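I would ask you to keep the sequence and the model in view while I go through the structure.

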Amino acid sequence: MVVIDPPFITKEVWEKYAAAAKLLLKPDGGKVILTTIQENSELLFDLLGATPTNFLPSIPHLVYQYNLFTNYPSEVFSQK
């Protein structure tokens, strides 16, 4: 399993994190948990097959609110 919570949310940064995650995972893949803004949904799906979950981390003082994404179905993160 790889957990990715990058300090930046640009496409270029996500491409580098995705490449690193693929190196860390088993050759046949593995589980990935990521945090980023909702606007990166399509990018994360393209890079790692990740989709948004129902779990939303609450960080009140940030301008952008983050979503949690996984590349696998998660019973825990699917709860509201």
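Predicted model: local features only at pLDDT ≥ 70, side-chain atom pairs only at ≥ 80, totals over all residues.

Residues are numbered from 1 along each chain as its sequence is written, and side-chain values use heavy atoms, with hydrogens and water left out.

Let us take the overall fold. The protein has two helices and four strands. Here helices (H or I, at least four residues) and strands (E, at least two) are DSSP runs, numbered from the N terminus. Along the sequence, the elements follow the pattern β-α-β-α-β-β. The C-alpha trace spans about 40 × 30 × 20 Å along the principal axes. For 80 residues, a compact globule would have a radius of gyration near 12 Å, and the protein agrees with this, having 12 Å. That radius is taken over C-alpha atoms, and the globule rule is 2.2 Å times the number of residues to the power 0.38.

How many of the residues are buried? Of the 80 residues, 39% count as buried. By buried I mean under 20% relative accessible area, by exposed over 50%, and by partly exposed anything in between (1.4 Å probe, protein chains only). Contacts, meaning heavy atoms within 4.5 Å, also deserve a word. Among contacts between residues at least 6 apart in sequence, 55% join residues at least 24 apart.

I turn now to helix α1. Which residues of α1 are buried? They are V13, W14, A18 and A21. These cover an arc of only 135° around the axis, which puts them on the same side of α1. The arc is that of the directions from the helix axis to the C-beta atoms. The face turned away from this buried side carries the exposed residues K16 and L23. As for packing, the buried residues of α1 lie against β1, β2 and α2.

Helix α2 comprises residues 41–48, of which S41, L43, L44, L47 and L48 are buried. They cover an arc of only 160° around the axis, and therefore lie on the same side of α2. On the other side, E42 and D46 are exposed. The buried residues of α2 pack against β1 (2–4), α1 (11–24), β2 (32–36), β3 (51–52) and β4 (67–70). Just after α2, G49 takes a positive phi of about 70°.

Next, the aromatic rings. A pair of aromatic rings is described by the distance of the centres and the angle of the planes. Rings of Phe, Tyr and Trp (its six-membered ring) pair if their centres lie within 6.5 Å; planes under 30 degrees apart count as stacked, over 60 as edge-to-face and the rest as tilted. The structure holds two such pairs. W14 and Y17 form a tilted pair, 6.2 Å centre to centre with 55° between the planes. Being three residues apart in helix α1, W14 and Y17 are separated by about one helical turn. W14 is buried, because its relative accessibility is 0%, whereas Y17, at 30%, counts as partly exposed.

The rings of F55 and F77 have their centres 5.9 Å apart and their planes at 45°, so this pair is tilted. It links distant parts of the chain: F55 is in the loop between β3 and β4, and F77 is in the segment after β4, 22 residues apart. F55 is partly exposed, with a relative accessible area of 38%.

Finally, two individual residues. L25 is placed in the loop between α1 and β2, and at 14% relative accessibility L25 counts as buried. Not counting residues up to four places away in sequence, L25 touches M1, V2, G30, K31 and V32. Is S58 buried or exposed? S58, found in the loop between β3 and β4, counts as exposed at 64% relative accessibility. The C-alpha atoms of S58 and T10 are separated by 21 Å, the two residues being 48 apart along the chain.

Thank you for your attention.
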